[in-house]
Amino acid sequence: MAGREARFNYPIMLDLCGRLAVVVGAGPVGLRKVRRLLQADARVRLVDPLLAAAPYPDPVVESLGREFDPADLHGAYLVFACTNSSQCNRQIVVEARQRGLLCNRVDRAEEGDFALPAVMQRGDLTLAVSTGGGSPALAAELRDRLAEQVPESWVFSLALLVKIRQKLLTVEIGDKYNQQVLRRLMLEHLLPLAEQGKLKEIDKL
């Protein structure tokens, strides 16, 4: 809804593997979206007149070197309006909503459907900070400060906890095991040993 306050307060992690994301606008912001989407194994369709002369360097990206056409949204899962034209971005949002698609509008986040957090990713460990679209710069600063507090040993610990949980978790004791045993194992034993690199002690534990 135009003019509403930015209140993006429902965080979610999406599985974009093999799903189509349409990015309209191949400027610096749009290209950042493309790179992040590719990291998530999404299929990407990029639309911008500039691509007529210089298509996106990775052939996995569908490059359409022309102005946006509503038909570009066919088959999309997510839409990103990243052009330098406010009018065009507004049209993209309207067209996306008519098709039941969620759209991120970069110039006026509050007029889109979702905002992206500032993200740090190490392996399967993701740290995301959001200000509800109000101040991306502040979100990025806070992400960087928090990232300094996350040692690399946590990535190893995460991989190990996943394997332990997959092996031992059962339907009968699932909730208790996940909430009590794994949490105690992680906080009281595993993380300290991982930070010290004591692999033999971890194996014994």
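The legends below describe close-up views of a predicted model.

Residues are numbered from 1 along each chain as its sequence is written, and side-chain values use heavy atoms, with hydrogens and water left out. Because the model is predicted, local features need pLDDT of at least 70 and side-chain atom pairs count only at pLDDT 80 or more, whereas totals for chains, interfaces and linings use all residues.

**View A. Strands E4 and E5 with helix H2.** E4, H2 and E5 form a right-handed β-α-β unit; right-handed denotes that, with the strands pointing away from the viewer, the path from the first strand over the helix to the second runs clockwise. Helices (H or I, at least four residues) and strands (E, at least two) are DSSP runs, numbered from the N terminus. Strand E4 (residues 78-81) runs parallel to E5 and is joined to E5 by four bridges; strands count as paired if DSSP finds at least two bridges between them. Alanine 81 has arginine 105 as its bridge partner in E5.

**View B. Asparagine 89 in helix H2.** Helix H2 spans residues 86-98 and contains asparagine 89. This asparagine 89 has 0% relative accessibility and therefore counts as buried (under 20% relative accessible area; exposed is over 50% and partly exposed lies in between, with a 1.4 Å probe and protein chains only). Apart from neighbours within four places in sequence, asparagine 89 is in contact with Ala81, Cys82, Thr83, Arg105 and Asp107, contact being heavy atoms within 4.5 Å.

View C. Side chains of opposite charge can pair when their charged atoms come close. Salt bridges link Arg105, Asp107, Arg108 and Glu111 in a network. Arginine 105 and glutamate 111 are both buried, glutamate 111 having 14% relative accessibility, while arginine 108 is partly exposed at 35% relative accessible area.

**View D. The salt bridge between aspartate 113 and arginine 97.** The closest N and O atoms of this salt bridge are 2.9 Å apart. Aspartate 113 lies in the loop between strand E5 (102-105) and strand E6 (118-122), and arginine 97 lies in helix H2, so the pair ties together parts that are 16 residues apart in sequence. Aspartate 113 is partly exposed, with a relative accessible area of 22%; arginine 97 also counts as partly exposed, at 34% relative accessibility.

Methods
A salt bridge is a side-chain nitrogen of Lys or Arg within 4 Å of a carboxyl oxygen of Asp or Glu.
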